[in-house]
Amino acid sequence: MADCVTKVELSVCCANLLDKDVGSKSDPLCVLLQNTGGDSWTELGRTERLKNTSSPSFSERLRVDYHFEKVQNLKLGVYDIDNSTSNLADDDYLGGIEITLGQIVSSKTVTRPLQLKKGKPAGKGTITVSAEEIKDNRAIELELEAKNLDKKDTFGKSDPFLEFFRQGDDGKWQLVHRTEVVKNNLNPTWKKFCIPLQTLCRSDLDRPVKVDCSDYDSDGSHDLIGSFITKVSELQKGGHGSPVTFDCIHPDKQKKKKSYKNSGVVSVKNCKLLTQYTFLDYVMGGCQINFTVGIDFTGSNGDPRSKNSLHYMSPDGLNQYLSALWSVGQVVQDYDTDKLFPAFGFGAKLPPDYQAAHHEFALNFNPTNPYCQGIQGIVEAYRMVLPQLRLSGPTNFSPIINHVASIASTAAQANSASQYFVLLILTDGEITDLDQTRDAIVRASRLPLSLIIVGVGPADFKAMELLDGDDGVLRSTVGEAVARDIVQFVPYRQFSDAPQSALAQSVLAEVPNQLVSYFKMRGFEPPKPKDAPKS
C-alpha cells in the first residue's frame, strides 16, 4: 500500500513582473514543476491566468504531495499568456525559481527574486510562495446572487465578479477564490462553486471572510462596487431555505453620503458543507483498481527481428514496450489484490493461419482466460508470443477500449465505489480509427475507467495529444463532450534517460483525480473498510 501522503497547498503571488505586452501589463500565470530525475520535469499544476497585472495574487492554489523522505526539487515558472493553447513554449517567460519543497515548508513563506536563467535576474521581479498542510476534507458549496448593483460602466451595465478573502494571522486579507465574471448585469447569479474549508477559513467557521464585488475591466483596472465581511457560520444560514443577504458597501460612498445605504445586495441562495473524499479514502476503503494492458503489434513498429524495430529485444531482454510496461505496472499492481491482469495485443495476424489481423487478442493466446499473473506474467506472455506473430494493421484502438469499457460498465451497475479500471495502451502512435476511438473515449468517460497511452518510438504523436484533450475538450464525432478527462498520454522518449519510476509518476499522476471525479459524479462515498474477521 502506498503511504498516506501529506498534501501541501502552495499559494503564489508576485511583484514587479516584467511587462512583455505592448501598451499594457503582462497576463501572468504560474506553473509548478517537479523534478523527476536528471533534467526531466513534470508539471504538477498551474494557477489561473490574470490579465494586465505586474503584481498578481493568484487565487488558484497549487497542490503537491509532500514526502519527508525525498528531496523534492520544484520549479515555479511565471509566463505571460497571450493565446488559448496550454503549451507554454509559445508564451513569454517572465522568470522562475528552483527551490525544494522542504525549503518552502520549513520557512512557511519564501520570497525570492525571479530569474530568467541561473544568474540572470528578471528585472526586479519577485515571487512569494506560502505553504499550508491540508488536513480538513470538508468543503463549502456556495451559490450566490446579487441585486441592484451600482452601474460602473459608461456604456452598458457593470460586469460583476466576486473575490473571497480570508483573514491571515497577521490580520491581512488573503485572496482565496474568484468567481467568473457575469457580463452586463446588475442582478447577476454566479455559478455554484465549491471551495475547501481549509482554504476559505482555515477550517474555522468563525474566522472573518471578506467578499469584494467588483466590475471587471479588460485593462485590469477593476472597479470596486462594494464589500462585506462575514464568516462561514453566517453563510451557512443560507442553506436552510431562507436566503442570507449582505449589503455591499463602498467605503468612499459611505463617507460622502449620510443617506447611503448600499451599492447593491449579495445573497446566499444556497450553502452546503460537503465532504471531499480523496483517492486514499477510496483505496483504503477497499476500492479495487483493475489494470489491463493493450500492446500495439502493427507493421509500423518494424520487423521484431530487425534491430530498428520497436519490438526488437536487446540482449538484456528489454525494449521500450517492456520498459514502459514495467514502470507503470509496478505502481498499479499494488492496488489490485488478485494481481491477475488481462493483457491484449492488437494489429497482428495470428498462427496457425495468419489470415486477418486481430484488433484485440489475448496476449497469452488464451481467449477464455486472458489473465497474466502479475506484471512479470505479462512480460513472459509477450516474450513467448512475439516470435509467433506477424505484424500487420491497421492500428485500431477502439476495439480494446470498448472491450474494457464493457467490463467497467458491468462493474458500474454495482452502484458503489468498489471497482475502477485503468487501461494502459502501448503504441507507436500511428492510429487508424481516430473517429471510432474518440467516440469510444467519450462513452468511456461516463464509466469507472482511465486510459493511459504511452507512445513508443520517434513518431510526432499529434493524434495522441488530441485524445489527451488537455488543449481543449475532446468531443465525439457528433459533438458530444467527454463527461470528464480520462486520457493521459506521454511519449516514452521523454523518460528514456530518467529513472524507471519517473514514467509511472507522470502517467499515473492524473488517475487519482480521475477516480475521485468519477465516484463524485456518481455520488458514491468510499466503501467502508471491512473489519478483520474475528478469530
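Predicted model: local features only at pLDDT ≥ 70, side-chain atom pairs only at ≥ 80, totals over all residues.

Let us begin with T42. This residue lies in strand β3, which covers residues 41-46. Is T42 buried or exposed? Its relative accessible area is 13%, and because buried means under 20%, T42 is counted as buried. If we set aside residues up to four places away in sequence, T42 touches L32, L33, Q34, T36 and S506. A further relation concerns V507: 465 residues separate T42 from V507 in sequence, while their C-alpha atoms lie 10.0 Å apart in space.

I turn next to the sheet. Three strands form an open sheet in the order β20-β19-β23, and their pairing is antiparallel. Which strands are at the edges? They are β20, residues 357-358, and β23, residues 390-391, each of which pairs on one side only. Strand β19 consists of residues 348-349, and its antiparallel pairing with β23 runs over 2 bridges. Within this part of the model, K349 stands opposite R390 of β23.

Finally, I come to T437. This threonine is placed in helix α9, which spans residues 434-444. The relative accessibility of T437 is 0%, so T437 counts as buried. Which residues does T437 contact, leaving aside its neighbours within four places in sequence? The contacts of T437 are F397, S398, I401, I431 and L467.

To conclude, T42 is a buried residue in strand β3, and T437 is a buried residue in helix α9. Thank you for your attention.

Key:
Residues numbered from 1 in each chain as written. Heavy atoms only, no water. Helix = DSSP H or I, 4+ residues; strand = E, 2+ residues; numbered from the N terminus. Buried < 20%, exposed > 50% of the residue type's maximum accessible area, 1.4 Å probe, protein only. Contact = heavy atoms within 4.5 Å. Pairing = 2+ DSSP bridges.
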